[in-house]
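Visitor: I have a model open and would like to learn how to read its features. Could you walk me through it?

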Amino acid sequence: MEVRNADDLRRAFQTAVDAKADAVLRLADPLALVLGVETADLAKKHRLPLMVRARPEVEMGGLMSYYADALDYYRRAATFVDKILKGAKPADLPVEQPTKFEFVINLKTAKALGLTIPPSLLLRADQVIE
């Protein structure tokens, strides 16, 4: 569902609830951090597990995220910038895909939703917010 502001976000959640959604997946967009807390609050209010893009959104109350590690991403980008500043042509540089991912779980949110996260999943997490 398209969300451009807080009103759209509230309507989107109501639409999800009316459709008997089991969970919500928040994709990356410019409003993800701006509306992060409100998104998490609505998910908790409607008792919908919320999967988000990155750690900051889990820290705001999302249930979990699995995404390319942002710091690693930026370090790799800096390597490309360095090469370009030293004269490399951007078109000659290889395309890279992320190789390091981060899995974050928010146990406070799980508890608020009445969910039990299996120990095997907790052991796989890079970070568990308690």
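Guide: Gladly! This is a predicted model.

Visitor: Which residues of H2 are buried?

Guide: In H2, the buried ones are Gly36, Thr39, Ala40, Leu42 and Ala43. These residues lie on the same side of H2, because they cover an arc of only 160° around the axis.

Visitor: What do the buried residues of H2 pack against?

Guide: Their packing partners are H1, E2 and helix H5 (107–113).

Visitor: How should I read a nonpolar core?

Guide: In soluble globular proteins, nonpolar side chains tend to be buried together. Here, the largest nonpolar core has 14 residues. Those with the most contacts inside it are Leu9, Phe13, Val24, Leu48, Leu50 and Val58. At least two residues of this core come from each of helix H1 (6–18), helix H2 (36–45) and strand E2 (50–52). Apart from this core lies another, of seven residues, including Ile105, Ala110, Ile117 and Ala125.

Visitor: Which residues is Leu48 in contact with, leaving aside its neighbours within four places in sequence?

Guide: With those neighbours set aside, the contacts of Leu48 include Phe13, Val17, Val24, Ala43 and Leu113. Asp22 is also one of them.

Terms used
Residues numbered from 1 in each chain as written. Predicted model: local features only at pLDDT ≥ 70, side-chain atom pairs only at ≥ 80, totals over all residues. Heavy atoms only, no water. Core = buried A, V, L, I, M, F, W, Y, C linked by side-chain atoms within 4.5 Å. Buried < 20%, exposed > 50% of the residue type's maximum accessible area, 1.4 Å probe, protein only. Helix = DSSP H or I, 4+ residues; strand = E, 2+ residues; numbered from the N terminus. Contact = heavy atoms within 4.5 Å. Arc of directions from axis to C-beta.
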